[in-house]
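Hi,

Here is the structure I promised to pass along. My notes on a few spots follow below it.

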Amino acid sequence: MDKILEGLVSSSHPLPLKRVIVRKVVESAEHWLDEAQCEAMFDLTTRLILEGQDPFQRQVGHQVLEAYARYHRPEFESFFSKTFVLGLLQQGYHSLDRKDVAILDYIHNGLKLIMSCPSVLDLFSLLQVEVLRMVCERPEPQLCARLSDLLTDFVQCIPKGKLSITFCQQLVRTIGHFQCVSTQEKELREYVSQVTKVSNLLQNIWKAEPSTLLPSLQEVFASISSTDTSFEPSVALASLVQHIPLQMITVLIRSLTTDPNVKDASMTQALCRMIDWLSWPLAQHVDTWVIALLKGLAAVQKFTILIDVTLLKIELVFNRLWFPLVRPGALAVLSHMLLSFQHSPEAFHLIIPYIVNLVHSFKSDGLPSSTAFLVQLTELIHCMMYHYSGFPDLYEPILEAIKDFPKPSEEKIKLILNQSAWTSQSNSLASCLSRLSGKSETGKTGLINLGNTCYMNSIIQALFMATDFRRQVLSLNLNGCNSLMKKLQHLFAFLAHTQREAYAPRVFFEASRPPWFTPRSQQDCSEYLRFLLDRLHEEEKILKVQSSHKPSESLGCNETSLQEIANKAAVLTESPCTSDGEKTLIEKMFGGKLRTHICCLNCRSTSQKVEAFTDLSLAFCPSSSIENLSFQDPASSPNTQDGGLMQADIPGPSEEPGVYNPAKAAFVCDSAMNERMLGSPSDEFCYTENTCVPSESSRILVNKDVPQKPGGGSTPSVTDLLNYFLAPEILTGDNQYYCENCASLQNAEKTMQITEEPEYLILTLLRFSYDQKYHVRRKILDNVSLPLVLELPVKRTTSFSSLSESWSIDVDFTDSSENLAKKLKPSGTEETCCSRLVPYLLSSVVVHSGISSESGHYYSYARNITGTESSYQMCHPSETLALASSQSHLLGRNSPGAVTEQDLENKEMSKEWFLFNDSRVTFTSFQSVQKITSRFPKDTAYVLLYKKQNGTNSLSGNSSTSGLWVNGDPPLQKELMDAITKDNKLYLQEQELNARARALQAASASCSFRPNGFDDNDPPGSCGPTGGGGGGGFNTVGRLVF
């Protein structure tokens, strides 16, 4: 029969005839044949299967072999022996090589035919050894796929025990050697299919024998972390990632990133190759593992690896966005890489040239999936342009391309950036490393206490949070200048963009410290603020004169020219500016004007003077509860000028020329000797805002005969103190006014009116008094209610050019004698005026903690407010704390102006306020600001900043509506951006070195636990390098090492 079949398949008969005869041969298989005939038939069919010249011959071989093996099973079992199979696997078949896939197919079919025979067990044992040998020989993808098919159907052929681990490891190495040189779609699809079969085999082995998983993953990492330049592992390894259980991701990444045996070069290679895996189609979870490894490296501060890999691979990841199959994973990895790379714009700028083309391409195809993708990409782009503003030439084309897509809110952008930063990543091991932490969840930067410098830190943070002022400072072009303003700009830029949790302002401190301030000793923050603003103001005037004096020369001048410039600046000081263009930045932001009017009560002659101010110093109102206190500041040296008007100057270096010499701090009323009587006027005074007239409920009459603390015995408000400051004063007794008309000392009435309001109103509460008995300065600990909304009465005047007098007086008027003039409203005076009420919102509060100005601690509360902030509307007009007339009106306690705590709690946006306590920055609420003194009696509000609410922000000439000020702040100068980028890299290196040093000690060091956080029973004030406390701690964790 075998001769007939052999002659048939090689004959030239028609194919249909051949098939009929083959059918007869197959049917004859059920007839009895002797062993020799069966063996001859098996030999023939094996030769047809393995060496058939055409598909027909191979098909005939399969059909006949299957039929004869079924009916003659013992004979086939004897033919398909262990020796025969071993010869096929090791020597091949005649001219057929042993690695030919046809041999594996033949063995696969043979196993199916003798599955029920006892001898199959011997074949299984043989194949367990042979398949291990085969994978060690690195078979090609096609052969490996056929082997996977065989082992999937016959799991008994998979090596067992320790050999199973070796088999999996070798199979991983084999996958690492896979290559596909073809670029044709058909060949590529076939290649992917072959790789999928092999990876599925590994998945099945991992499930059946879990002990093989970890060694397999070790082998994967060994392959991709190899630094051997002669070998590049295949991207096909990506097919294994989807089979790794996601619940293992944490322990695997942690053990991988903390293994001391893994060198940086190997980790860098591994991460780069994992990113390359994003190009592998159909592979799932590759992006998840890549991002997990990126976060794991960030958690142990291996920032050098992250920086190198990001810059090396960011363009490749972006390029993967073009391919639909891998786009979701590529976008996830791209987003994480960009959002976490926050110390420098370098990574983002690498992909900028490709963004516009990508956006236009996806917009043109109009597919829903493309639109959804562009929405996500646009959000990412906005986040990056927000974080790295200052490159309009790069960003303008992008903004134009994505203008039709929604822009995320600033709050959402900040949240995304804060969550994605490298310094925000942590894992269970990170708590064992006493490492530097990144910015807090607030996104704000603290200031390191350099040794009792909290007075400076609190003021700087308050100024930084003055949004319009900060933006103006950052927008100044100060290149080539080494001024104090340049140093302030540098400090503001670092506060805005550094990755550090807290910044050390050493350079600015040395440049801005008043000469009479003793280093490393506590100082008055209000005094420091006045000195700082005055220095900045005077410096800018000198630079303006200098630029107009010798515009072609550099800023450096010799002593002679500096003296000329100083003389010109002094002239400018004596003639106040009226044009905004002539004003300095300090004048524009903090400068106001105050008119003082003195009327002789004998001859009724008057004199008046308009002065500039940067802050108002508010004394506490007289009360029977305040005794034996004097207005006089022991640090002051009062002198009489211009008929009894007094000036309190700080001696020595504080006496600087210029209009900015505000009242010096620390004086209060002596109720026993200095009564301020508030009387009701004969006529009521009307205050209007625009065309609105206040209701009758806002017109308060005060009994002039009863000395009182405003509001009865309840807590006074800032409104009360400001009313008291503006109330009329009778100059009598030792404080009589010298009237030139009468040529003698006379009783006089002094009134003050604000004629020009500042953009930022600075109020200092005069809490420090001089105890004449013990010769020490004491602190008034009275609580003061802080209105969220304040309305300042401003009476504008047309012209004071006719005034010839030139007084040099402070905003608050102190008396050289023991008695300060009594403030009385003379019954004979009648005057009607209408003042405009200018609304202000509370921007920041500097708090002093302690009982003396020479000790204690300063910290500040602040929030972001711009000139056009709509949050003014958060309080109902009836809740506005309106100031009464400076001529005598005072709000009573039952006024509708009192904003209740419940109202504030309901109306205030969450996380609007920040607490700046040296290095520590946390979220807080306005309720916390209001309750600080009631909770901690030694912690009292000292300096307040209020922001004027304008209909339009006239100062924002560089409006963000152009799209260039992406995050509201102006773009930084290149010099500043480079300095910040350099410092951010240095900071990441510091963290990395610190983490590595700690990691070496972590294994042997015993770990103790100290609770994390802040004790609510302690006040937030504490002075020292650590700011407000808080802390980290140690936890004991286990470690799985690869």
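Helix α14 (residues 264–276) packs with helix α15 (residues 286–299) at an angle of about 150 degrees, and their axes are 10 Å apart. That makes α14 roughly antiparallel to α15 (angles over 145 degrees count as such). In this predicted model, local features need pLDDT of at least 70 and side-chain atom pairs count only at pLDDT 80 or more, while totals for chains, interfaces and linings use all residues. Residues are numbered from 1 along each chain as its sequence is written, and side-chain values use heavy atoms, with hydrogens and water left out.

On the α14 side, M267, L271, M274 and I275 meet V286, W289, V290, L293, L294 and L297 of α15 (contact means heavy atoms within 4.5 Å). The residues of this contact divide into 10 nonpolar, no polar and no charged.

Next, helix α23 (residues 467–475): 8 of its 9 residues are buried, so the helix is largely enclosed by the rest of the structure (buried means under 20% relative accessible area, exposed over 50%, partly exposed in between, with a 1.4 Å probe and protein chains only). Among the buried residues are D468, R470 and R471. The buried residues of α23 pack against α22 (454–464), α24 (484–497), α28 (585–590), β13 (760–765) and β22 (939–948).

Finally, C180 is in the loop between α10 (162–176) and α11 (185–208). C180 is partly exposed, with a relative accessible area of 28%. Leaving aside neighbours within four places in sequence, C180 contacts E187, L188 and Y191.

Helices here are DSSP runs (H or I, at least four residues), as are strands (E, at least two), numbered from the N terminus.

Best wishes

Terms used: Axes are lines fitted to C-alpha atoms, for helices over the stretch in contact, and angles run from 0 to 180 degrees between N-to-C directions. Angles under 35 degrees count as roughly parallel, over 145 as roughly antiparallel, 65 to 115 as roughly perpendicular and the rest as oblique. Ala, Val, Leu, Ile, Met, Phe, Trp, Tyr, Cys and Pro count as nonpolar, Asp, Glu, Lys and Arg as charged, and the others, Gly among them, as polar.
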